[in-house]
Amino acid sequence: MGVLLFAVLALVTVGASVAMIGHKSPIYSALYMVVVFAATAVAFLLLEAPFVAAVQIIVYAGAIVVLFLFVIMFLSLRHEILIEHRRGPLALVFVLAGLVAGQLAAVVATGSYAGDLRIPVPEGFGSVEAVSGVLFTRYLIPFEIVSILLVVGMVGAVVLARRDLAAPGTDYAPPGVAAAGGEDAAEGRS
Amino acid sequence: MISPVAFLYLAAVMFTIGMVGVVLRREAIIIFMCIELMLNAVNLTFIAFARLLGSIDGQAIVFFSLAVAAAEVVVGLGIIVAIFRERATTDVDQINLLKF
């Protein structure tokens, strides 16, 4: 049962990942990304991490993918941009990928790990209580620093979204800035 | 039951697929998605090791990794939108101002 479940999970994850990097349209890539993230959440559940699995669904499959879709719609990429892949020696890429994969697999294979999932873990391992227990004691200062990071990210997004991004003194002005001007025009457009 | 080591292999495969995507694709937004895939693979590794070692710390670190990924996505997509406004393209081969 466990092996079958893992086989299906691994197939779905790898298949969706390949489809994600291979698909022509970024919209479909984003949708395959949802599949990958959901499958990873299932893997988290199998590894006794229910809280992280829930956070994964909410933050990754929810917020981040919606943000990606929003930006893809906003960019309205033309088709000729979408279908171009990188030119160059494709074989070299796959040789490099094989090397990296082999290296990672060798690292995993040569490690000495204890047994399997039958190894007992404490009751409530991976629950909200257990995770927040260490989060608010041992990792309290990193936790607070994360809040600063999120504020910085928010401010950065606001600054980057300004329409008058071109620095004074550069000769380039984005088209329509002089005519449009102001936040209202930015909201109304596109 | 299946061993957590199998999940380590799965994470390695996911990481490699993400790396291939970064090298192969040319749209900045797809490259960004591939980076998310690699981050996700690393998270899976953390969770698998947390289960292997019976330690909750791995899960706490994944929590931080998620927060950092969220901040990174916000700023990165902001940069992509800003580049698209300037250049009307997100093809990384044409965004080569810093290339020497």
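A salt bridge, in the sense used on this tour, is a side-chain nitrogen of Lys or Arg within 4 Å of a carboxyl oxygen of Asp or Glu. The model is predicted, so local features need pLDDT of at least 70 and side-chain atom pairs count only at pLDDT 80 or more, whereas totals for chains, interfaces and linings use all residues. Residues are numbered from 1 along each chain as its sequence is written, chains are lettered from A and ligands numbered from 1 in the order in which they are written, and side-chain values use heavy atoms, with hydrogens and water left out.

**Stop 1: the salt bridges**

Select Asp57(B) and Arg138(A), which form a salt bridge whose closest N and O atoms are 2.3 Å apart. Over all chains the structure holds two salt bridges. This pair crosses between chains, from helix H3 of chain B to the loop between helix H6 (128-135) and helix H7 (140-160) of chain A; helices here are DSSP runs (H or I, at least four residues), as strands are (E, at least two), and both are numbered from the N terminus. Asp57(B) is buried, with a relative accessible area of 17%, while Arg138(A) counts as exposed at 53%. Buried means under 20% relative accessible area and exposed over 50%, with partly exposed in between (1.4 Å probe, protein chains only).

Next select Arg25(B) and Glu27(B), another salt bridge, with the closest N and O atoms 2.9 Å apart. Arg25(B) is buried at a relative accessible area of 0%, and Glu27(B) is buried as well, at 1%.

**Stop 2: helix H2 of chain B**

Now select residues 28-53 of chain B, the 26 residues of helix H2, which reaches 38 Å from its first C-alpha to its last, close to the 38 Å expected at 1.5 Å a residue; the expected span is 1.5 Å times one less than the number of residues. H2(B) is mostly covered, since 19 of its 26 residues are buried. Just after this helix, Gly54(B) takes a positive phi of about 65°.

**Stop 3: where chain B meets chain A**

Show both chains together: 75 residues of chain B are in contact with 90 residues of chain A, contact meaning heavy atoms within 4.5 Å. The area buried between the two chains is about 7,400 Å², of which carbon and sulfur atoms give 76%; buried area is the accessible area (1.4 Å probe) that two parts lose on being put together, summed over both.

Helix H1 (4-24), H2 and helix H3 (57-87) of chain B each supply at least two residues of the side that touches chain A, and the largest share, 25 residues, comes from H3(B).

**Stop 4: Thr40 of chain A**

Finish on Thr40(A), which lies in helix H2 (residues 26-46) of chain A and is buried, with a relative accessible area of 2%. Leaving aside residues up to four places away in sequence, Thr40(A) touches Gln56(A), Met14(B), Asn40(B) and Leu44(B). Zooming out to chain A, you will find nine helices and zero strands, and of the 190 residues of chain A, 29% count as buried.
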